[in-house]
Amino acid sequence: MPNLTGKVAIVTGAGRGIGRAHALALAEAGARVVVNDLGGSLAGQGNDLTPAQQVVEEIERAGGEAAANGANVADFAQAGELIETALGTFGRVDILVNNAGILRDKSFASSPSTSRDTSHRRGTRPPTGASARRPATTSAAA
Ligand SMILES: NC(=O)c1ccc[n+]([C@@H]2O[C@H](COP(=O)([O-])OP(=O)(O)OC[C@H]3O[C@@H](n4cnc5c(N)ncnc54)[C@H](O)[C@@H]3O)[C@@H](O)[C@H]2O)c1
């Protein structure tokens with residue numbers, strides 16, 4: 001990982017699992033991190049800011065800077081608010097990790113297209129689109 005001092009990263013679904021690992025690694029590399037997580041169940045139900053706040057506390061205990069955000073990134077309006085929150089808190093956005101996703105525990109054959117849409121595409125398009133509309137966001141989305 002390069003030195004990310006001065007950079008600002010948003011990681012969606014960063015309260016747990018792979019997203020949490022991304023957030024901790026980015027912070028360790030020097031980035032200020034917006035830790036987004038809806039905090040719902042494995043099936044995407046409900047919301048709770050606690051997982052995102054716990055990761056923020058982990059980053060701060062290690063000497064980093066982070067902010068928690070509970071937006072549902074599958075929703076275009078909330079994804080836009082996430083980007084605005086990052087810009088308002090840290091002044092820029094350099095890195096967007098579209099990690100958030102939910103589990104639909106089915107085979108490909110039995111998984112309806114609406115389920116695939118919910119699990120993946122809807123978690124990616126809103127944050128990426130909201131970032132692209134803001135000139136202060138500077139770099140690539142993953
Ligand atoms: N773990 C695996 O083996 C695996 C394999 C392939 C793909 N993936 C994908 O990688 C990503 C992370 O997987 P994981 O195992 O760490 O999952 P996880 O369930 O441990 O963590 C995902 C996090 O995303 C959050 N989230 C879900 N929908 C959200 C939304 N709309 N807005 C904001 N936050 C939301 C959840 O609250 C959860 O904390 C997912 O997209 C998953 O589909 C995981």
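Predicted model: local features only at pLDDT ≥ 70, side-chain atom pairs only at ≥ 80, totals over all residues.
Analyst: Let's start with the words we need: a helix here is a DSSP run of H or I with at least four residues, a strand is a run of E with at least two, and both are numbered from the N terminus.

User: Okay, how many helices and strands does the protein have, and what order do the elements run in?

Analyst: You'll find four helices and four strands. Starting at the N terminus, they go β-α-β-α-β-α-β-α.

User: Which residues of α3 are buried, and what puts them on the same side?

Analyst: The buried ones are Ala79, Leu82, Ile83, Ala86 and Phe90. They cover an arc of only 90° around the axis, so they sit on the same side of α3. On the face of α3 turned away from the buried side you'll spot the exposed residues Ala77 and Gly88.

User: What about α2, which residues are buried there, and what puts them on the same side?

Analyst: In α2 the buried residues are Pro51, Ala52, Val55, Val56 and Ile59. Their arc is only 140° around the axis, which puts them on the same side of α2. Those buried residues pack against α1, β2 and β3, while the face turned away carries exposed Thr50, Glu60 and Arg61.

User: Which residues of α1 are buried, and what do they pack against?

Analyst: That list is Gly19, Arg20, His22, Ala23, Leu24, Leu26 and Ala27. They pack against β1, β2, α2, β3 and β4.

User: Why is glutamate 81 called partly exposed?

Analyst: A residue needs 20 or more other C-beta atoms within 10 Å to be buried and 12 or fewer to be exposed. Glutamate 81 has 15, so it lands in between and is partly exposed. Glutamate 81 is in helix α3, and its C-alpha is 9.5 Å from that of asparagine 69, 12 residues apart along the chain.

User: What is alanine 29 in contact with, leaving aside its neighbours within four places in sequence?

Analyst: Met1, Pro2, Asn3 and Leu4. A contact needs C-beta atoms within 7 Å. As for C-alpha atoms, those of alanine 29 and asparagine 3 are 5.3 Å apart, though the two residues are 26 apart along the chain.

User: Which residues of the largest nonpolar core touch the most other members?

Analyst: Out of 34 residues, Ala9, Val11, Ala23, Val33 and Val35 do. Elements giving two or more residues to this core are β1 (8–11), α1 (17–28), β2 (32–36), α2 (50–61), β3 (66–69), α3 and β4 (95–97). The largest share, five residues, comes from α3. As for valine 11, its contacts beyond four places in sequence include Ala23, Val33, Val35 and Val97.

User: Last one: what surrounds the ligand?

Analyst: 23 residues do, and the closest are Gly13, Gly17, Ile18, Leu38 and Gly101. α1 gives the most to this shell, three residues. By type, the shell splits into eight nonpolar, 13 polar and two charged residues.

Key:
Residues numbered from 1 in each chain as written. Arc of directions from axis to C-beta. Core = buried A, V, L, I, M, F, W, Y, C linked by C-beta atoms within 7 Å. Contact = placed C-beta atoms within 7 Å. Near = placed C-beta within 6 Å. Nonpolar A, V, L, I, M, F, W, Y, C, P; charged D, E, K, R; others polar.
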